[in-house]
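Subject: Handing over the structure

Hi,

Here is the structure I promised to pass on to you. Please open it first, and then read my notes below.

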Amino acid sequence: MTTALDGTIIANSMVVDKSLSALAQATAILRCVVALYRGWLSPVYAAQHVSLAWDAGRGVVGYRLHCGTASQNYTRIQDVGNATTATVSNLTAGQIYFFVVTAYNAVAESLPSNEVSFRATMDAPMLAMQKLPNGNVRLSVTDAVGETDSVYVSSDLQKWTRLATALSKTGTMVVDDPGAQSMKQRFYRLTDKTATTDPVGFITLPIAGTSRSEARAFSDLGISLMNPVSYQGKITSSGNHSITDVNAEWTPNEFNEANGGAFIEIVSGPYAGLMTDILATNVIGKTLTTYDDLSPLLKGRELYRIRRHRTLGDVFGENSESGLAGGSSVSEADEVMVLNPVTQTFLTFYFKTGGFGGRGWRSATDAVTDAAGTTLYPDQGVLIVRKVPGNITLILAGTVKTGSTIVPVGANINLLANIYPAGTLTVANSGLYDADTSLGLAGGKTISSADEVRIYNGVTFQDLFYKTGGFGGSGWRNSNDAVSDAGNTEIPPGSSIYIIRKFGRPDFNWKIPQPF
């Protein structure tokens, strides 16, 4: 046994003869060459991989690499042909993996090689949150053994207080927060000596019930907490509706629209915050096919993140655990509505409680097909139409999106979400207005000539516009008051607003600053 220059252990070579008896008794020699981290490493997630190598044998047609998470129990087999190296991808941080290799020819397959093990070590800590039925929050911490981890808590994503500090003895630990019971929103982050995670948390969104005077109640929501990052990396190049990362390690069809629905966000460069859907994953070419063509905007070397979309069933519960009233038809049930900005019509969904078509989430136009997997886009506002008395609350849990966000604004009516769960976003600091109408909303001396922002406060709409001069001066104004400054009007976290783009003005990208 010798030691290579890179410090890996190399055992004696294997010799494989063409004969059945020799092949059946041959033992391949396996060694772990190097552990590889693919993608831009951060405190969220990064795919980890390990490369293995073995010495070639005589009379061998090919090799099979066997992998498992328990010694001598291999659940994953990879036929690598006649190669004498292989890379195993998508390893779970903190998990120990065991490997053997076998050689084969047309006659038989050899006995397993010596077994090697590899622990997929933590490059950065991870934090997961669970909201318990009693209102408490349970936090699951994953980090390298021997790390000292501190969990911090905040109600506004600005002021953080230490909740707990502990030494990680096993690589995982649990922290409970009973103080979450009385909170409408709460956020957490994890810090060790090398990194800090993105915040996770929950917010409570009010949904209004009907009153004696109104048969329907309306609430405009924004789904302002996301799924965690699934993968992140650095763009090598971009083409027509495609993005390439030569260092990426994806599995076939991993981020295809038909495989759960995912989107990519650019997180560095002048277009940080831009998002688009992923349509296809090319593992060999290490290329993603995207819904929008981002190539005119990208120069290469931008950092990116990939996340799974949130869905109707994910947000409101597969069985409408949110409390929205169901019914045998849409006329009897509460409605979840999203605006199609192209057709300028609402798509309506409801929870069907039985009858023809069965039970579950359905579209108003299809009583049979399950609609629980309908995508709710992060920048898309959601209109709730409630038809029964009694206010309810939706507890939304997830990961906080950080950094600025670029949201497309098109002609006519747009229903757009405040994508952030905390902080103070106002019409004045939102970046909505720009003197250049190709970059932002158009102003005017009166609301009739200007683009509009409409914010529903639970009772009535506030109609806002940017006044460019005349009586009352310039600045943000309410439609019923041409004098008073309305710039501090808040776009509440977890809400959505209507933006009305008039007179055929061009589409523009609204760059929303992080408000915390």
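In what order do the strands of the open sheet of 4 strands lie? The order is β6-β5-β8-β9, and the pairing is antiparallel. At the edges stand β6 (76–81) and β9 (116–119); each has a single partner strand, so one side of each has no neighbour in the sheet. From one strand to the next, the twist averages 25°.

Before going further, a word on the ground rules. This is a predicted model, in which local features need pLDDT of at least 70 and side-chain atom pairs count only at pLDDT 80 or more, while totals for chains, interfaces and linings use all residues. Residues are numbered from 1 along each chain as its sequence is written, and side-chain values use heavy atoms, with hydrogens and water left out.

A few terms will come up again. Helices (H or I, at least four residues) and strands (E, at least two) are DSSP runs, numbered from the N terminus. Two strands pair if DSSP finds at least two bridges between them.

The whole chain

The protein chain has 2 helices and 38 strands. Of its 516 residues, 49% are buried, meaning under 20% relative accessible area, with exposed being over 50% and partly exposed in between (1.4 Å probe, protein chains only). Among the contacts in the protein chain with a separation of 6 or more, 65% come from residues 24 or more positions apart; a contact means heavy atoms within 4.5 Å. The chain exposes about 23,000 Å², and carbon and sulfur atoms supply 52% of that area. Accessible areas come from the Shrake-Rupley method with a 1.4 Å probe, and for residues only the protein chains shown count as cover.

Sheets and strand pairs

Strand β10 runs antiparallel to β11 (residues 137–142), and 6 bridges join them. K131 has V137 in β11 as its bridge partner.

Then there is β24 (residues 303–308), where 5 of the 6 residues are buried, so the strand is largely enclosed by the rest of the structure. Strand β18 (residues 229–234) is joined to β24 by 5 bridges and runs antiparallel to it; K234 has L303 as its partner in β24. Strand β21 (residues 262–266) also pairs with β24 in the antiparallel sense, over 5 bridges, and F263 is bridged to R307 in β24.

W510 lies in strand β38 (residues 508–512). Is W510 buried or exposed? Its relative accessibility is 2%, so W510 counts as buried. S430 is 80 residues away along the chain, yet the C-alpha atoms of W510 and S430 are separated by 8.7 Å. A polar atom of the W510 side chain lies 2.8 Å from the backbone oxygen of S430. Leaving aside neighbours within four places in sequence, W510 also has contacts that include T405, L416, L432 and I499.

T287 is in strand β23 (residues 287–290) and counts as buried because its relative accessibility is 16%. Its side chain makes a polar contact of 2.9 Å with the side chain of T244. Such a contact is a pair of N or O atoms within 3.5 Å; within protein, one must be able to donate a hydrogen and the other to accept it, and residues adjacent in sequence count only if both atoms are side-chain atoms. The T287 side chain also reaches the backbone oxygen of G285 at 3.0 Å. Not counting residues up to four places away in sequence, T287 touches residues including S242, W250 and N282.

T348, finally, sits in strand β27 (residues 345–352). With 14% relative accessibility, T348 counts as buried.

Enjoy exploring!

Key
Axes are lines fitted to C-alpha atoms, for helices over the stretch in contact, and angles run from 0 to 180 degrees between N-to-C directions.
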